Amino acid sequence: MLVLGLEASCDETACAIVRDDGCVLADVIHTQTSLHAPHGGVVPEVASRDHVRQVSRVVENALAAAAISLNDIDAIAVTARPGLLGALLVGVEFAKGLSLATGKPLVGVDHLHGHLSASALFANGTACHVAPPFPHVALVASGGHTALYLVKGPNASQVEALGATRDDAAGECFDKVAKVMGLGYPGGPAVDRWAERGDADKCPLAFPRDRIEGFDFSFSGLKTRVAAHIETHGRPESEEALAHLCAGVRSAIVRTLVGKTLAAADETHVGAVTVGGGVAANRFLRSELARGAEARALMCFLPARFACTDNGAMIAWAGLQRLLAGERDDLSLDASTTSILPSVTRKGRGRRS
Ligand code: KG4
Ligand code: ZN
């Protein structure tokens, strides 16, 4: 069975062809980074327009890369939520057109469930991969969301929320800190690169341990601390000082994410942890999570770095899980800005009562 996965929820237009054994036959990603960089963040209207411009070319290129035609596809999966509404609509309406033209089934996918599912895809897309056993604890850390889940099965209905950020997402925190340091957009990869050359112990700022109870997160304090430091002392003058500051920021964010993920695994007595979302591409997060998991004899599933940021393969794979469960959507499929995954946290207010 071959599933075409289409992703256009934010600033990437992506299409992948994934086989039901987890092999990724093609994975084409057009990124809009250079369009948004001058604005220091994603401009929704610019994003929608570029998705319209790129979507047919990206789909055609994915089919060509997989050396198949549209008729060889068995189903079409598309990100339907959450994300920028105008961007989502481009993908959803295009996918409906493909489904109508080919008569192939259509499934809408939750973007966060896509990130959760990415750890089941093989590292280099050329061979099959051992999927994480259920139940497992999954951290999703992206530019728009940061949450911990207990994943009891391959479908979104089998995902339980353990906690989430009460304010900024981890990726958003990386992006905002990078902006005040003048490192451009997106900030996460830039901070990660500089941090590789720095030493967190030489960072001029001390970041206190996260004092939030349970599995919720808060990152806005860290961002404010860095902004206040830069306002008082100016941007780091030397490359060395910049590297140390970036290492300190990265270490503080990673320490919180990894600490809570491992604590959640302890509390739920699972045998495996996974991570997904753009921040999962962070080198220090990957090594620290792997190290912590090994110390606890936990299995640790890290998607390939390219599979952490938005892509069509994770959407195809999550869509396949819906198809295997006998679920389908029809042409009334609508885009939405909210996730179907449960949430135990309200922004700014902690746990729901
Ligand atoms: O999952 P994603 O591609 O899009 C969303 O669903 O938001 O995540 C993008 C986010 C951005 O905030 C970006 O700065 C962050 O992931 N990111 C990273 C790294 N690569 C991407 N953050 C830290 N370290 C990285 N290497
Ligand atoms: Zn994402």
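User: By what definition do two strands pair, and in which sense do β6 and β7 pair?

Analyst: Two strands pair if DSSP finds at least two bridges between them. In this predicted model, strand β6 (residues 136-141) and β7 are joined over six bridges. A hairpin of four residues leads from β6 to β7, and A141 stands opposite T146 in β7. The sense of the β6 and β7 pairing is antiparallel.

User: How many bridges join β7 to strand β8?

Analyst: Strand β8 covers residues 159-164 and runs antiparallel to β7. Within this pairing, A147 stands opposite A164 in β8. The number of bridges joining β7 to β8 is five.

User: Are the residues of β7 that point either way from the strand buried or exposed?

Analyst: In a regular strand the side chains alternate between the two faces of the sheet. From β7, T146, L148 and L150 point one way, and A147, Y149 and V151 point the other way. Buried means under 20% relative accessible area, and six of the six residues in strand β7 (residues 146-151) are classed as buried.

User: Which elements give two or more residues to the shell around ligand 1?

Analyst: Ligand 1 sits in the largest pocket. The elements that contribute two or more residues to its shell are α4 (111-117), α5 (170-180) and α6 (187-196).

User: What share of the area that ligand 1 exposes when taken alone does the protein bury?

Analyst: Ligand 1 is surrounded by 20 residues, with G143, D175, G188, D192 and N282 the closest. A side-chain N or O atom of N282 is 3.0 Å from a nitrogen atom of ligand 1. Of the 550 Å² that ligand 1 exposes when taken alone, the protein buries 90%.

How values were computed. Residues numbered from 1 in each chain as written. Chains lettered and ligands numbered in written order. Predicted model: local features only at pLDDT ≥ 70, side-chain atom pairs only at ≥ 80, totals over all residues. Heavy atoms only, no water. Buried < 20%, exposed > 50% of the residue type's maximum accessible area, 1.4 Å probe, protein only. Near = heavy atom within 4 Å. Polar contact = N/O pair within 3.5 Å; in protein donor to acceptor, adjacent residues only side chain to side chain. Areas by Shrake-Rupley, 256 points an atom, 1.4 Å probe, with all protein chains shown as cover. 1 Å grid on protein atoms, 1.4 Å probe; cavity = no way out; pocket = protein on both sides within 12 Å on 5 of 7 lines; lining within 4 Å. Sits in = over half its atoms within 2 Å of the grid points.
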